[in-house]
Amino acid sequence: MKSPRFPTPASNGLAPRQRTRPRLVALLLAALLVAPPLPAQNLPNLGDVERTELSPLMERRLGERIMLDLRRDRDYLDDQPLKEYLNTLGATLVGVRPDARDKRGDAVVDFDFFAVRDPMLNAFAMPGGFIGVHTGLLLAAQNESELASVLSHEIGHVTQRHIARMLGSQRQDSLIPLAAVLIAVLAARTSPDLASAAMAGGQGLAIQRQLNFGREAEREADRIGLQILRDGGFDTSGMLAFFGRLQASGRAYSDTAPAYLRTHPLTTERMADIQARISRDRYRQVADSADFELMRARARVLQDSSAEGLVQAARYFDTQLQQHGRAQMLAARYGLSMVALRQGNPKRAQALLDEAQAQQRNANSTVLASHGIEIAIADRRANDALALAGQANQRFPLSRGIASQYADTLLLAGRNDEAVRYLRDQIQLYRQEPGLQQKLARAYAAQGKQALQHLALAESYALSGGIPAALDQLSMARRAPDASFYDQSVIDARERELRAQRIEELKEKELR
C-alpha cells in the first residue's frame, strides 16, 4: 500500500467549497494528456544525485512553481507569527542534521514551512523543501514533541529526495509536464468536481500512483524523522503517541479518518518499528516552548475567522480559562484578545493582552509583542504603535514579522523617508518577499515619487508570479513625469528580463 505525498482528492484538502477554476481544469487536462505512467518503485537508501535525472535545481524550481499557485489560494495562511513559529521549529529540527542543507550539485537544499487553513489533520512535503501543515494538525498535537514528530517525518522525505526519486525516470526537460501533474493534484483539492476528474480513468489513476510513496519510503522517513526528533532534544515517544492516536481515531471513524492517515497509512509493522526504536530511549520530560500554546490559539482563530467561527473560538477559550494551567490560561487570553480584535473591539483586545502579559513570566515573547503592535495599528494609535514596534525591533532583530510591522508603523506615523530607507535595507536581506515591495510602493506613493512607486509594484507582482501585471507597472513607471534617466535605464533592463520570462511561460503553455 502506498501513500500520496500531496494532499489528495480523498483528503478533502484546502477548500472544497471553492468553485472549479477554468485555469486549473486546463492544467488538470494537460496533466492527463502529457504524463506517462511510472512503474512502481521500492525506495531503499538514497542513491547518488547523478543517478537521479530530476536534479536538485529542477526540484526546487518545480516546488517554487507549485508554491506560486498555492500562495494565491485563499486558504494559504500568509500569517507572519505562525510562519515564523513553524520555520523556527523546523530550523531547529533541520539544524541537527548537517547534511539537510548541504549543497547538492547546482542547488542548495533549503526548507520553507507554511500553514494551510484546513481543519483536516494533514501535513505534506513538496519538491524543493516546501512543507505544509494544516491548522487542524496544529490543533490536534497535544504537545510540541508531537508536532515536531510530524515535521521530522516530512523533513525525512525531503532529505531523502523521495519525490525526486519517484519522478527520476522523467527527463529533466519534462519539468513542465511534471509541474502540470503536481499542480493538477493540488487543484483537485479545491473542488469535488476536480477530484472526480483527477481520478477518472486509468490515466488519472496512473497520475495518482506517480505521487504515491511506497512503504519503504515511509519507513525511511520514520527512521530519519525519529533520529531528527531525538537529536533535536524532543520526546521521541511523541511520534508514537501522535501516530497511535491518529490510528485509533481512524479505526473508530473509518468513513472520516484523518487525512494524515489516508496520506500516510500507518501499518502495524511501522508502528511496531517505531515502538522498538524508542524502547531503548530514556524517558525525558520535554517542556513545550513558550509559543506552542500561543500558536495553537492563533491557529484556532485563523482556521475560521467568520462571525460564527469567532464565537465558537471564544467559547473554547472561555472553557480553556477554567483549566487553571498557566500555559493554557495564557493562550486562552491571547486567543480571546485575537477574537476581540477581529470583532472590531481593540479596547477589549488590549485589556485581554494586558492580562496575558501580566501573567507571562518571560517578557521576551515575539508573539505577544507582535499582537500588541497589531492592536495599536488597528486602533490607529500611530505613536504607540511606532514606539512598540521600535522596542520590539530592537529586542527581536531577527524577526521578519516584527520588521514588517515596524515598516507599517513608520508609514502609519507618516515617517515616509525613514520607511523608504528601512524597507530598502530589508529588501536587500529578503529579496523574495513581495510584501516588502508593496510597502515600499506605499512609501514612495506617500512621497509623491510615481516612477519608483510603479517600479516597486512591478517587483511585487513579478515576485508573486504576475508577470503581465508587472509589465503594466513598468509601462506606467516609464510614463511617469518624474522618471529620471537612471529610472528609465532600470525600467528597460527589467522589462527585457520580464519579457523573456513571459515568452518562456507562453512556450510552456503551448507544451501543455
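1. Burial and surface. Of the 512 residues in the protein chain, 54% count as buried (under 20% relative accessible area; exposed is over 50%, partly exposed in between; 1.4 Å probe, protein chains only). The chain exposes about 22900 Å², and carbon and sulfur atoms supply 51% of that area (Shrake-Rupley method, 1.4 Å probe; for residues, only the protein chains shown count as cover).

2. Basis. This is a predicted model: local features need pLDDT of at least 70, side-chain atom pairs count only at pLDDT 80 or more, and totals for chains, interfaces and linings use all residues. Residues are numbered from 1 along each chain as its sequence is written, and side-chain values use heavy atoms, with hydrogens and water left out.

3. Fold content. The protein chain has 25 helices and 8 strands (DSSP runs numbered from the N terminus: helices are H or I, at least four residues; strands are E, at least two). Among contacts with a separation of 6 or more, 72% join residues 24 or more positions apart (contact: heavy atoms within 4.5 Å).

4. Second largest pocket. Its space is about 610 Å³ (a pocket is an open set of points on a 1 Å grid over the protein atoms alone, where a 1.4 Å probe fits, with protein on both sides within 12 Å along at least five of seven lines; lining residues have an atom within 4 Å of a point; points are joined across faces, edges and corners, and the volume is the space filled by probe spheres set on them). There are 18 lining residues; Arg424, Gln437, Leu440, Glu459 and Val490 are the closest to the centre.

5. Pocket lining. α21 (416–429), α22 (434–447), α23 (450–463) and α25 (485–511) each supply at least two lining residues. α25 gives the most, with 6. The lining divides into 10 nonpolar, 2 polar and 6 charged residues (nonpolar: Ala, Val, Leu, Ile, Met, Phe, Trp, Tyr, Cys and Pro; charged: Asp, Glu, Lys and Arg; polar: the others, Gly among them).

6. Asp408. This residue lies in helix α20 (residues 400–412). Asp408 is buried, at 19% relative accessible area. Beyond its neighbours within four places in sequence, Asp408 contacts Ile377, Lys439 and Arg442.

7. Salt bridges. The whole structure holds 22 (side-chain nitrogen of Lys or Arg within 4 Å of a carboxyl oxygen of Asp or Glu). Asp69 pairs with Arg72 at 2.9 Å, N to O. Asp69 is buried at 16%; Arg72 is partly exposed at 45%.

8. Bridges within helices. Asp273 and Arg277 meet at 3.1 Å, N to O. They sit 4 residues apart in helix α13 (residues 268–278), so about one helical turn separates them. Glu293 bridges to Arg296 at 3.3 Å, and both are buried.
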